[in-house]
Structure formats: C-alpha cells, structure tokens
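User: I'm new to this one. Please put it on screen and walk me through it.

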Amino acid sequence: KKSDIGIYGLGVMGQNLALNFNDNEFRVSAFNRKLPGEDNLVKEFMNGPASKTAIQGFEEVEDFVQSIKPPRKILIMVKAGAPVDSVIDQLRPLLDEGDILIDGGNSHHADTNRRSDMLENQNIYYVGTGVSGGEEGARNGPSLMPGGSEKAWPEIKPLFESIAATSPDGDACCSWMGSAGAGHFVKMVHNGIEYAIMQMIAECYEIMRLGMQMDNADIAQTFSSWNSDLLSSYLLEITADIFRVKDPEDDRTYIIDHILDKAGQKGTGRWTALTALELGVPLPMITEAVFARTMSSFKDLRIKASEEFEVNTIPLLKKESLDQLREALLGGQLIAFSEGFWLLRAAKQEYGWEIPFAEVADTWSGGCIIRSALLKPIAASFREKPELQHLLLAPLLKEMTNSVHENWRLIAAHAVESGLAVPVTAAALAHFDSLRSERLPANLIQAQRDYFGAHQYERTDQPRGKFFHTKWKERLQ
Ligand code: NDP
C-alpha cells in the first residue's frame, strides 16, 4: 500500500515528524542520503525508533518516490541552504505534475520564493513551512507555519492539522500563512521574537543573581511563580527547570554555573534584524538580542576588559524589586511581540502576502518555543482590528503597558546605575518611549543633514512633503 507522505532527511526533526505522522495513522515513507563510509541512517531509524511502526524505510531515492501515493507529498527535512537545492534537483526528475514538495527546514524566505517560482513553472507545488517546537514538538505536536502554492494547501491540510500541537482553545496550531516564502518568513520572525524573549529572561537572571544576590534555588522558585497568568509561557517554564538541575559531575553544584557564557546562533535572529533594516521597520529589541549573543561570544576580550574597569553593583531590595522585575519582563515581552508583528505587517505590504495576523498568534499559542498566554489577547486584538498598526495601541495591550512601564523603568534605571548589562531591557524600553513621544529630537538630525549635505527638511508649520533648505553658515550671526 502506498504512503500518504514521504520524509526526506532523517535527522532529529525528520525522524520525530515521521513518528508523529505514523502515530496519527498516516502511512510514511522515509529516506536519507547515504554517504560513503557513513552509517546508514535509514537502517538505524528502521531498526531503532521506527522498528515497531508502519513506517517504510528506503535506501534508493527512486523507490522512495514511487512508494508515495499521487499526488505525492514529500517533506524535505534537511539542513537549510544548498542541501535543499540539491535535494530538489535530485527529486525533480522523479516527480509528476501536481506533486507537492514541502521544505520544513529553517530556509530563508528569499530562497523559498525562488524555489517556489521555479517549481510552479513545472507544475510542481512547493510549500515552505515553518516548524517550531524542537525535537519534542516534532514528536508530539509542533506549531506549523506553511506557505507557498495555495493549491497544495487542501491536499496537505489534513496531514498538517493532525500532527500539529493543539492550542489552549483546542485548535490545531497550524495556519496557511500566504504565498511563496510567507511561511518561512513567519517562522523567521518567530525566531526573532524568541531571541528577544530569551535575552530578556537572561537579563532578569542577571539582575536576580547580581543585583539581588539570589541563589539558584531562589531563582528557580521565582521564575516558576511568575509562570502564570499573562506571563505563563514555555520559555519561563523551561527556565525554572534549568535552575533546578544539578551537575552530573558534582551534585552539590548546578549545571547552569558550569556553562560557558558564550551564546550560539544559527542565523534566523540575524535574518530578522537584517530584514527589519531592509524593510525600514524599527526592531531595536530583537536586533539588540542578536547583538547580545554576539557580544557574549567575545569571551576572551570581555575577560581582558573586566580586569580594566570596575563598577560596584548597588544591591536591590529583593522583596519590592522582584515585583518590579516581573513587570519589566511583561513589558519586554509586549515589545518583543509588537516588533515581530510590525515586521510581519511590513512584509505583508512589501511582498503582498496575505499573512493572517490573528491566525499567526493562534498558531504560536501552542507547540512552539514562544508559546505564551500573551498570544491570546494578541490574537483577540488582531481579530478586532486586523489593520492594527502597532500592537501596543490595541486596548488590551495598552492597558498592560500602562500598568507596567513605571516599574520596568525603575528596573532598567537601577541596572544601568549598577553597571549590569541589560541591553534588551533598555532597548525595549527605548522602543516604547520613542513610540509614545509625540516629538523626538529628529528635528536636529534633519538640521544637521541639511547643514552638511543640503538634504532638506520639512517644516512643522507647512504641509508634509514640502521641503526646505537653509544656508546655515550664511545665516549664522
Ligand atoms: P540534523 O542536523 O539533525 O539533520 C540534518 C539532515 O540534513 C540529515 O538528515 C542530513 O543527512 C541532511 N543533509 C544535510 N546535508 C544534506 C545534503 N547535502 N543532501 C541531503 N541531505 C542532507 O538537523 P535537524 O533535523 O535538527 O534540522 C533539519 C531542518 O529543520 C534544519 O533546517 C533546521 O534548521 C530545521 N529545524 C530544526 C529544529 C530543531 O530544533 N532541531 C526546529 C525547527 C526547524 P546526513 O545525515 O546524511 O548528513
């Protein structure tokens, strides 16, 4: 009997997604390339995790393709970049018109645009789908963000909805995000938000550890107690767990204290920041989170500089400050989501994608790394007003922001005074303060530009779009 879906690439994600489809009673064909001298991943998978399943493994790509029911649906789960192109080149001659290729890796949306154009010309439907939730999500229910050839959606919808996570409201965490690279774009923005929230939580840890002299058990307890109501989220849940895990080498100590403070990154945060710069959308918090990881990677330089400068930390009173810090974290999360949705809005305008904002929030509310109770009011806000320009202007979020910004400011001020590096807390606050400033000092920037470069400026007392130039030197008294 032919399979409902084929999975090409049996890495961490491919294997777990195959098992998830199998659990949902879809027939799965599985394939992985075999490099000379390397272990046979197909055999390993079939003899290991897939041994008691109905999954069929194939060692020849032709047999793999032939084993799938037409119109074929093949999910490619390989490393993003050139490997995806080489897999497409390998599969293309074996496919028939109407077959569907799905790329579930973290591909760049521009690559997905290109691939989808090329394949649609040959009547092969192409879908680029964001998959979030890591290994565990892939196995038990990921959040899925598909986009691409619209005609493929009805074909793959039942499969995707069956394996996806379920939101707190009981819906599948999976929605069609629009044409071409829209799905991968939404996944990229998801990851940008993830960078910002992770860094914000890390800065709370820094303030607790140094500013309030809290120990790991106390920090675990605090994060755990925060993980409720509006702050309830997957990232807080795992953070609380992390502070409870002892070092296997020495169980009198915690692993967290032995982990080198150099953050890695695979590039989706950087893509988000670069795209924001290209589309002209201010994403200071997300961009700063990328820089914070980059700054952390200069460990040796930081060690050298730390010997040169000394700043004394001013202690914080734990009892009051923890409540303030909790509010700062909420404020930061509101900005992280606001920035992400602002970029999605810009992409919708720039690329003409029909990204459904409320459904994006629903899709992120289960299964994925940034799942959070905040996504419910965010979805409701977009349902009420789909063209909302900035999330903070939605009544529900405005109220939350108003209730936290004073304490958020106190925390940021204290951290700066104490010499603690809190780049994302400060950048998020600056986003908020710039947004709510009716007047910014940009009049001076315009004057400077006009002075040195005759770039001209608009006047407050004249209609917008009318430009003026001043001969600054001549008018000096
Ligand atoms: P792994 O590193 O576990 O597996 C990578 C897979 O890609 C392997 O099957 C590998 O085959 C295959 N591959 C690499 N190069 C080629 C090539 N040139 N031709 C054919 N196959 C190739 O990766 P993951 O499963 O973790 O990730 C797969 C994709 O999913 C990536 O794009 C990743 O960014 C994305 N992703 C990962 C998440 C995670 O949490 N891990 C979450 C969401 C998305 P071989 O063994 O032969 O090298």
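User: Start with the helices. What handedness does the crossing of α11 and α12 have?

Analyst: α11 and α12 cross in a left-handed way (the near helix is turned anticlockwise from the far one by less than a right angle; clockwise would be right-handed). Helices here are DSSP runs of H or I with at least four residues, and strands are runs of E with at least two, numbered from the N terminus. This is a predicted model, where local features need pLDDT of at least 70 and side-chain atom pairs count only at pLDDT 80 or more, while totals for chains, interfaces and linings use all residues. Residue numbers start from 1 along each chain as its sequence is written.

User: At what angle do the axes of α11 and α12 cross?

Analyst: Roughly 140°, with the axes of α11 (residues 268-279) and α12 (residues 284-296) coming within 9 Å. That makes α11 oblique to α12. Axes are lines fitted to C-alpha atoms, for helices over the stretch in contact, and angles run from 0 to 180 degrees between N-to-C directions. Under 35 degrees is roughly parallel, over 145 roughly antiparallel, 65 to 115 roughly perpendicular, and the rest oblique.

User: And how do α14 and α17 pack?

Analyst: The axes of α14 (residues 318-351) and α17 (residues 395-418) are 7 Å apart, at an angle of about 125°. So α14 is oblique to α17. Their crossing is left-handed.

User: On to strands. What is the strand order in the open sheet?

Analyst: The 7 strands run β3-β2-β1-β4-β5-β6-β7, with mixed pairing (two strands pair if DSSP finds at least two bridges between them). β3 (56-58) and β7 (143-148) are the edge strands, each pairing on one side only. On average, neighbouring strands of this sheet are turned by 25° against each other, direction ignored.

User: Parallel or antiparallel for β4 and β5?

Analyst: Parallel, over 4 bridges between β4 (residues 73-76) and β5 (residues 100-103). Lysine 73 has isoleucine 100 in β5 as its bridge partner.

User: How do β8 and β9 pair?

Analyst: In the antiparallel sense, with 2 bridges between β8 (residues 246-247) and β9 (residues 250-254). A hairpin through 2 residues joins β8 to β9, and lysine 246 stands opposite tyrosine 254 in β9.

User: Which residues come nearest to the ligand?

Analyst: Gly11, Met13, Val78, Pro83 and Gly105, out of 23 residues around the ligand (near means the C-beta atom, placed from the backbone, lies within 6 Å). Two or more shell residues each come from α1 (12-23), α4 (82-91), β6 (125-132) and α6 (134-140). The shell has 11 nonpolar, 9 polar and 3 charged residues; Ala, Val, Leu, Ile, Met, Phe, Trp, Tyr, Cys and Pro count as nonpolar, Asp, Glu, Lys and Arg as charged, and the others, Gly among them, as polar.
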